[in-house]
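Please have the sequence and the model open while I talk.

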Amino acid sequence: MASPARTSESLTIAAFLDFIDRRPGERWELIDGQLVMMTGGTARHDVIAGNILAALHSPMRRRGCSVYKSDTLVGRAGSDHFTAAPDVFVRCGSVAGDERLVTDPVAIVEVLSKTTEAYDRAQKFIEYVQIESLQHYVLVHQDEARAEVWTRDAEGVFQPETVRGLDGDIPLPALEAQLPMRAVYAGTDILV
């Protein structure tokens, strides 16, 4: 669940990192300079996010890319007032072990819930699509086998595609990969 904590002034990323360092165990994001607290998800949310991470791990490693979970933050180059913790994201290239914030993800996946769906579709979408390296923004539903894939076209515009059912695949052409829906929902009670 996303819950904004309004501050009297806009925070910078440096101030935000200092803020979260003093709150171990809490999950926060910085949207338009404002603190947003993220509360815990459901068991199904965790299973789906873990499945996505696991399904992408080997194919991305072979491509020289890494798959991250929500412990590493994503920001936008040139913006000092935005950083988020996507459920899963892919970044290509070398990894610095002490990196806390990356600005060059190629794909971002958010697992939707009733409490975060509007936030993921609006505020985060607006920020994410401004990241120059981003090619895919994927919204995965946790109450049915459905994923919305936003892919950047040749003109730089994000185009939507919906994948429904367990027999489909989430297309990630920029990564030369597909994410099987059956793998995404493995171990859950989602049947169709």
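This is a predicted model: local features need pLDDT of at least 70, side-chain atom pairs count only at pLDDT 80 or more; totals for chains, interfaces and linings use all residues.

Lys69 has Val88 in E7 as its bridge partner, and this belongs to a set of five bridges that join E4 to E7, two strands that run antiparallel. Residues are numbered from 1 along each chain as its sequence is written, and side-chain values use heavy atoms, with hydrogens and water left out.

Which sheet do these two strands belong to? They are part of an open sheet of six strands with mixed pairing, in the order E4-E7-E9-E10-E11-E12. Its edge strands are E4 and E12, each of which pairs on one side only, and from one strand to the next the twist averages 15°.

Moving along the sheet, E7 pairs with E9 in the antiparallel sense over four bridges, and there Phe89 stands opposite Ile108 in E9. E9 and E10, by contrast, pair in the parallel sense over five bridges, with Val109 opposite Val138 in E10. Seven of the seven residues of E9 are buried, so this strand is largely enclosed by the rest of the structure; buried here means under 20% relative accessible area, exposed means over 50%, and partly exposed lies in between, using a 1.4 Å probe and protein chains only.

Helix H2, residues 43-62, lies across E4, E7, E9 (105-111) and E10 (136-140), and runs at about 170° to E4. For that angle, axes are lines fitted to C-alpha atoms, for helices over the stretch in contact, and angles run from 0 to 180 degrees between N-to-C directions; contact means heavy atoms within 4.5 Å.

Now to the cysteines. How many disulfides does the structure hold? There is one, counted as a pair of cysteine sulfur atoms within 2.5 Å, and it is formed by Cys65 and Cys92, whose sulfur atoms are 2.0 Å apart. The pair links distant parts of the chain, with Cys65 in strand E4 (residues 65-69) and Cys92 in strand E7 (residues 88-92), 27 residues apart. The disulfide is right-handed, because the torsion about the S-S bond of Cys65 and Cys92 is about 90°. Is each cysteine buried or partly exposed? Cys65 is buried at 6% relative accessibility, whereas Cys92 is partly exposed, at 26%.

Not counting residues up to four places away in sequence, Pro160 touches Val149 and Trp150.

Asp32, in the loop between strand E2 (27-31) and strand E3 (34-38), has a phi near 55°, a positive value in a residue other than glycine, and is exposed at 58%. Glu176, in the loop between strand E13 (169-172) and strand E14 (177-180), likewise has a positive phi, near 50°, and is exposed at 65%.

Note on methods: Two strands pair if DSSP finds at least two bridges between them.
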